[in-house]
Amino acid sequence: MMEGAFFMSQSEIMLENRQNVIAQAIALFKKNGVEHTTIYDLAHVCHLTPRSIFRYFGSKDKLMAEAAACFWEEIYHDIDKAYKEIASSEEVSGYQQLAEMLSALPKAYKKIKISIMLLQEMELYLFKHKVLSTEFKPFESGTETFRAPIREALEKGKKDGSMRKDMDVFRTHNLIINTLVGVMEKQAYVDLDDKMKTKLNAEKQLKDACDMILLFVKA
């Protein structure tokens with residue numbers, strides 16, 4: 001036996017294979033589209049049998065759900081990274097902290113707009129195939145890094161007086177998330193049409209949404 005030889009347990013091999021299948025599935029979805037990617041295509045690039053993939057996930061629908069959840073995490077990570085690079089933290093008011101984070105979104109959008117379009121395609125697939133949220137890891141579970149700094153800025157702003165005292169942090173927080181993600185999803189498809197692209201500039205759309213949010217929360 002070679003010194004330092006390492007043997008993986010069956011459960012470790014299965015976990016590694018599952019993670020690889022999800023990563024390869026996302027790559028194929030980007031290349032071929034969700035509907036045109038088959039389990040056989042996926043098995044081929046993963047060097048597994050279709051039967052193995054069905055054993056790991058049960059069905060393409062459940063694989064799709066897990067892949068979509070992982071993809072959400074990737075997108076939110078990119079957004080989180082973009083605004084953490086620009087936002088001050090302790091030195092400014094909660095309102096200014098939120099404003100700085102929101103100003104990073106156009107940069108994040110340029111990087112992830114293709115990913116957002118794919119995510120919509122994945123979600124449409126799940127809806128059409130009636131995949132229930134109880135059958136897979138919820139999308140929300142991977143978004144805490146994106147959510148936490150926004151929530152913290154709101155709490156800080158309410159406490160330091162730079163934001164409205166009557167503001168419900170929980171409801172405002174959800175409103176901000178839904179507004180920003182919704183604008184980015186809509187804009188990603190608009191950008192496919194050259195005529196619409198010139199009429200609905202992505203940076204302007206995001207700036208308008210951010211200005212509306214800041215106006216709403218300001219004391």
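This is a predicted model: local features need pLDDT of at least 70, side-chain atom pairs count only at pLDDT 80 or more; totals for chains, interfaces and linings use all residues.

Student: Let's start with two helices, then. Why are H1 and H3 called roughly perpendicular?
Tutor: Helix H1 covers residues 10-32, helix H3 covers residues 50-57, and they pack at an angle of about 100 degrees with their axes 11 Å apart. Angles of 65 to 115 degrees count as roughly perpendicular, so H1 and H3 get that label.

Student: Which residues make that contact?
Tutor: From H1 you have Met14, Asn17, Arg18, Val21 and Ile22, and from H3 you have Ile53, Tyr56 and Phe57. Sorted by class, the contact of H1 with H3 has six nonpolar, one polar and one charged residues.

Student: What makes H6 roughly perpendicular to H8?
Tutor: H6 is residues 105-128 and H8 is residues 169-190; their axes come within 8 Å and cross at roughly 80 degrees. The range for the label is 65 to 115 degrees, so H6 is roughly perpendicular to H8. On the H6 side the contact includes Tyr109, Ile112 and Lys113, and on the H8 side it includes Leu180, Met184 and Tyr189. The residues of this contact divide into nine nonpolar, two polar and four charged.

Student: Now single residues. How do you know whether Ala67 is buried or exposed?
Tutor: Its relative accessible area is 0%. Buried means under 20%, so Ala67 is buried. Ala67 sits in helix H4, residues 60-84. Leaving out residues up to four places away in sequence, Ala67 touches Ile22, Ile26, Phe29 and Met122. Ala67 and Ile22 are 45 residues apart along the chain, yet their C-alpha atoms are separated by 5.4 Å.

Student: Which label does Ser115 get, buried or exposed?
Tutor: Ser115, in helix H6, has 18% relative accessibility. The cut-off for buried is under 20%, so Ser115 counts as buried. Apart from neighbours within four places in sequence, Ser115 is in contact with Phe71 and Ile75.

Student: What makes Phe54 partly exposed?
Tutor: Phe54 lies in helix H3 and has 39% relative accessibility. Buried is under 20% and exposed is over 50%, with partly exposed in between, so Phe54 counts as partly exposed. Phe54 touches Ile39, Ser59 and Lys60, not counting residues up to four places away.

Student: And why is His47 called exposed?
Tutor: His47 has a relative accessible area of 73%. Exposed means over 50%, so that settles the label for His47. You'll find His47 in the loop between helix H2 (39-46) and H3.

Student: What is phi like for His47?
Tutor: Phi of His47 is near 60 degrees, a positive value in a residue other than glycine. Most residues other than glycine have a negative phi.

Student: Last one: how many residues does the largest nonpolar core have?
Tutor: The core has 62 residues, and those with the most contacts inside it are Ile79, Leu98, Met122 and Leu154. H4 gives the most to this core, with 12 residues. Over the protein chain, 43% of the 219 residues count as buried.

Terms used: Residues are numbered from 1 along each chain as its sequence is written. Side-chain values use heavy atoms; hydrogens and water are left out. Axes are lines fitted to C-alpha atoms, for helices over the stretch in contact, and angles run from 0 to 180 degrees between N-to-C directions. Helices (H or I, at least four residues) and strands (E, at least two) are DSSP runs, numbered from the N terminus. Angles under 35 degrees count as roughly parallel, over 145 as roughly antiparallel, 65 to 115 as roughly perpendicular and the rest as oblique. Contact means heavy atoms within 4.5 Å. Ala, Val, Leu, Ile, Met, Phe, Trp, Tyr, Cys and Pro count as nonpolar, Asp, Glu, Lys and Arg as charged, and the others, Gly among them, as polar. Buried means under 20% relative accessible area, exposed over 50%, partly exposed in between (1.4 Å probe, protein chains only). A nonpolar core is a set of buried Ala, Val, Leu, Ile, Met, Phe, Trp, Tyr and Cys residues joined through side-chain atoms within 4.5 Å.
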